[in-house]
Amino acid sequence: MKYIFSLLFVSTILSSCNKVYDTRPNILFIMSDDHAYQAISAYDDRLINTPNIDRLADEGIMFTNACVTNSICAPSRATILTGKFSHLNGKIDNHSPFDTTQVTFPQLFKKAGYQTAMFGKLHFGNNPKGVDDFLILPGQGDYINPKFLGKDKDTIITGYVTDIITDLTLDWFKNKRDVNKPFLMMYLHKAPHRAWWPRADKFAEFYEKKFPEPKTLFDDYSNRGSAAKSAEMNLLTHMRYMEDSKVWPATIKEMGGAEPEIVYVNERKNLVRSNPNQFFSRYGRANDEQKAEYDVTLNKISDDFKKNWPVMDDTQKMRWKFQRYMQDYLATISSVDDNVGRVLNYLDESGLDKNTIVVYTSDQGFYLGEHGWFDKRFIYDESFKTPLLIRWPNKIKPGITNDEMVQNLDFAQTFLEAAMIDSPSDMQGESLMPLLTGNNENWDREEVYYHYYEYPSVHMVKRHYGIVSKDYKLVRFYYDVDEWEMYDRKKDPYELNNIYDDNNYSEVREDLHIRLELLRKKYKDSDELNDFYIQKYLDKNKTRN
Ligand code: SGN
Ligand code: CA
């Protein structure tokens with residue numbers, strides 16, 4: 001109700017000049033897919049320089065403990081849209097359907113008179129609700145000459161996906177924006193998702209670079225439970241020379257016929273082998289001219305592989321794969337950064353910057369070789385945390401850093417409050433407004449809740465839930481095991497020592513157990529719900545067989 005009054009207030013003052021202006025702020029929500037905070041120079045400048053994304057840190061707020069509720073793509077997006085945990089919005093993993101009858105925050109913006117649009121990767125559905133205009137990638141989408149799903153028709157657009165999503169966004173700003181309405185723009189990048197295909201010129205540029213290895217690249221997973229040991233996301237064992245490192249399929253064949261290194265037996269006792277079709281479904285999208293450009297670097301990679309692979313030991317192979325991984329991953333980030341720059345420049349030139357809240361985040365973090373891994377899913381920091389930078393001129397003091405435990409769960413309510421729209425009472429987050437406006441004394445959250453479900457599935461990260469405060473992390477892995485882990489985040493920032501059974505921490509442990517139970521009650525999660533989702537998984541698999 002209070003917002004209705006403030007709106008009337010704004011309208012009345014301005015209508016005295018014979019025109020009613022809507023002064024509510026615009027929102028530009030920029031999200032990339034799998035962008036690790038380690039690959040944003042405002043957070044960490046050892047790997048890459050991202051001057052454009054860094055502008056948001058310089059001119060706004062940077063959260064260093066921002067995290068997700070469930071570190072995987074579609075569930076993260078469902079949480080962002082609904083303001084609810086996975087166990088309530090039902091999108092617990094990438095496979096389960098999203099219940100489109102639910103209220104999502106863009107619908108509330110549209111209803112409240114905002115003009116709304118979405119371009120890029122959503123990851124589920126083909127008809128996002130609450131957006132006036134959209135072109136979205138089907139599922140994961142493609143990097144090269146991607147297909148987009150539209151309101152009226154689908155279309156294939158020639159070019160590189162990150163540039164295209166930006167072109168669409170800029171075109172909307174320039175040609176479709178209703179100047180009488182505030183806007184909500186969801187500008188959603190596909191990059192840097194696996195298989196990390198850069199634009200051809202960046203591919204060539206980054207192939208020449210060498211990157212520092214993380215301290216835990218050769219982690220042996222000792223002092224932890226079975227989940228870290230059995231996950232299938234190790235660079236040496238599970239990353240593929242062909243599809244990931246981009247060695248030509250023909251070269252792989254020539255080198256070993258049966259592709260000795262690339263085949264492994266997974267937890268489900270399946271033989272996993274490289275799939276040339278997967279390689280060609282990506283590279284093969286390029287037209288002849290694009291292929292010619294890619295081929296220059298692809299040939300270099302394969303020549304190098306041919307020369308070095310036969311004489312490399314496992315340590316050297318790990319290092320080789322790490323460099324290849326970083327070269328491509330960071331090359332895709334470089335395009336994201338350039339394109340964010342294009343959009344920020346447009347805001348400056350058009351004057352829209354002054355009344356636009358710009359948010360940069362990712363659907364989760366990612367491992368860039370930490371613990372020897374790629375991918376995400378775990379509650380361990382690199383995938384649990386996510387970048388979060390917000391600029392809002394005259395509201396957020398430029399250049400501030402904040403280490404509160406904030407979550408993607410909070411986004412919907414934050415945006416709604418900023419736009420003076422009431423949020424539904426069943427949303428589970430908290431508006432970040434006190435932290436944005438420097439009223440930190442009005443923020444009293446001490447810990448957050450996390451729950452990951454997608455198991456058994458690709459990368460084989462066991463189901464787990466837990467509580468995380470600035471100081472500690474307590475986690476329960478369940479389903480085919482029942483194991484607890486606990487970490488001292490301040491003393492053990494690399495999370496190498498499970499202190500669950502350490503008597504020096506028994507009081508902290510008991511306290512965390514109680515707090516975890518309270519959080520589960522508060523957010524309405526329970527063992528019954530775990531059983532419900534496990535049964536759903538089992539039923540689905542039964543019908544499949
Ligand atoms: C694909 C990837 C996985 C990734 C999932 C989920 N394999 O299966 O590495 O974890 O998507 O990603 S790939 O060989 O097909 O690239 S998510 O971002 O959609 O959650
Ligand atoms: Ca993702």
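Visitor: Over which ring does the charged end of arginine 463 sit?

Guide: In this predicted model, the charged end of arginine 463 sits over the ring of tyrosine 479, at 5.0 Å from the ring centre. Another case is lysine 246, whose charged end lies over the ring of tryptophan 197, 5.4 Å from its centre.

Visitor: How is a pair of aromatic rings described?

Guide: One gives the distance of the centres and the angle of the planes. The whole structure holds 52 aromatic pairs. In one of them, tyrosine 143 and tyrosine 160 are stacked, with 6.0 Å centre to centre and 15 degrees between the planes.

Visitor: Which parts does the pair of tyrosine 143 and tyrosine 160 tie together?

Guide: Tyrosine 143 belongs to the loop between β4 (133-136) and β5 (147-150), and tyrosine 160 to the loop between β6 (155-156) and α6 (161-176), so the pair joins parts that are 17 residues apart in sequence. Both tyrosine 143 and tyrosine 160 are buried.

Visitor: What is the geometry of the pair formed by tryptophan 197 and phenylalanine 203?

Guide: That pair is tilted, with 6.1 Å centre to centre and 45 degrees between the planes. Tryptophan 197 and phenylalanine 203 are both buried. Ring pairs also link these two residues with Trp248, Phe279, Phe280, Tyr283 and Tyr294 in a cluster.

Visitor: Is lysine 121 buried or exposed?

Guide: Lysine 121, in the loop between β3 (115-120) and β4, is buried, with a relative accessible area of 0%. Beyond its neighbours within four places in sequence, its contacts include Asp33, Arg77, His189 and His193.

How values were computed
Residues are numbered from 1 along each chain as its sequence is written. Chains are lettered from A and ligands numbered from 1 in the order in which they are written. This is a predicted model: local features need pLDDT of at least 70, side-chain atom pairs count only at pLDDT 80 or more; totals for chains, interfaces and linings use all residues. Side-chain values use heavy atoms; hydrogens and water are left out. Rings of Phe, Tyr and Trp (its six-membered ring) pair if their centres lie within 6.5 Å; planes under 30 degrees apart count as stacked, over 60 as edge-to-face and the rest as tilted. Helices (H or I, at least four residues) and strands (E, at least two) are DSSP runs, numbered from the N terminus. Buried means under 20% relative accessible area, exposed over 50%, partly exposed in between (1.4 Å probe, protein chains only). A charge sits over a ring if NZ of Lys or CZ of Arg is within 6 Å of the ring centre and within 35 degrees of the ring normal. Contact means heavy atoms within 4.5 Å.
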